[in-house]
Amino acid sequence: MIPETGKRRYQEIAEALKKEMIDKDLSIGTRLPTERQIAEEYDVSRSVVREAIIMLEIEGLVSVRKGSGIYIERLPNQSERNSIARPDIGPFELLQARQLVESNIAAFAATMVTKNDIVKMQDALDMEVAAIDSGRKDYDGDEMFHHLIAQSTQNSVLIEMVDKMWQLRKGNQIWDGLHARIFDESYRQQWLDDHQQILTALNRKDPGKARDAMWNHMENVRNTLLVLSDLEDPKFDGDLFKTPKVIKLNI
């Protein structure tokens, strides 16, 4: 059996089969075990295995040849290999963590920030403006801005925490899917305005306003992603992390 991971059972089986393709160094054209054999190996029903195979078919990894078997059509690419090693974190779970942590980091940063820090943060905002004006779909300025706030605390643990949360976001298929739906640049402009409010509070060395500005920014991101989300997607986790479940800490 394979451990419970919070995913649907067929998704777990699909991930296990991908891992098997990699670990056993299987090649394109290799015939996989039958549905019955897979069901016995992982102690699940054949209907669960069938759903897993359909998922792999949709991803173009296998083909089912009637009367012959299940064959590998292509091997998982690097991003798919990474997702096997590190299962995707739900976007709203990650946002909840960021809201709790980064709002308080912003408050502390307001007591530690230097003029040089402020200049670098403004440069990051200028990068965001340039990306929006050119229509580019990159978020380098966004990421840099949040990293710079953490760096201004001069606390290596807080810096590493923010770095880790961004690593969890990068290559995350759910996040990538949601961001691909952000065609309306007004969303990005809203987030840029949020960043400007955070920067203003930091420049004024106002911990309370910095905390609130970061908290509100994360709330705006959450609301945007709710609008863009497919509520029927089995990976949708928005209902589990609604605002009332998040307590704003005043440290």
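Colleague: Before we start, what do buried, exposed and partly exposed mean here?
Modeller: Buried is under 20% relative accessible area, exposed is over 50%, and partly exposed is in between, with a 1.4 Å probe and protein chains only. This is a predicted model, where local features need pLDDT of at least 70, side-chain atom pairs count only at pLDDT 80 or more, and totals for chains, interfaces and linings use all residues. Residues are numbered from 1 along each chain as its sequence is written, and side-chain values use heavy atoms, with hydrogens and water left out.
Colleague: OK, how many salt bridges?
Modeller: The count is 11, taking a salt bridge as a side-chain nitrogen of Lys or Arg within 4 Å of a carboxyl oxygen of Asp or Glu.
Colleague: Which residue does E40 pair with?
Modeller: R36, with the closest N and O atoms 3.3 Å apart. They sit four residues apart in helix α2, so about one helical turn separates them. Helices are DSSP runs (H or I, at least four residues), numbered from the N terminus.
Colleague: Switching topic, what does E35 bridge to?
Modeller: To R46, with closest N and O atoms 3.9 Å apart. That pair links distant parts of the chain, with E35 in helix α2 (residues 35-42) and R46 in helix α3 (residues 46-58), 11 residues apart. E35 is buried at 17%, and R46 is partly exposed at 42%.
Colleague: Which residues form a network?
Modeller: E15, K18 and E59 are linked by salt bridges in one.

Technical notes: Helix = DSSP H or I, 4+ residues; strand = E, 2+ residues; numbered from the N terminus.
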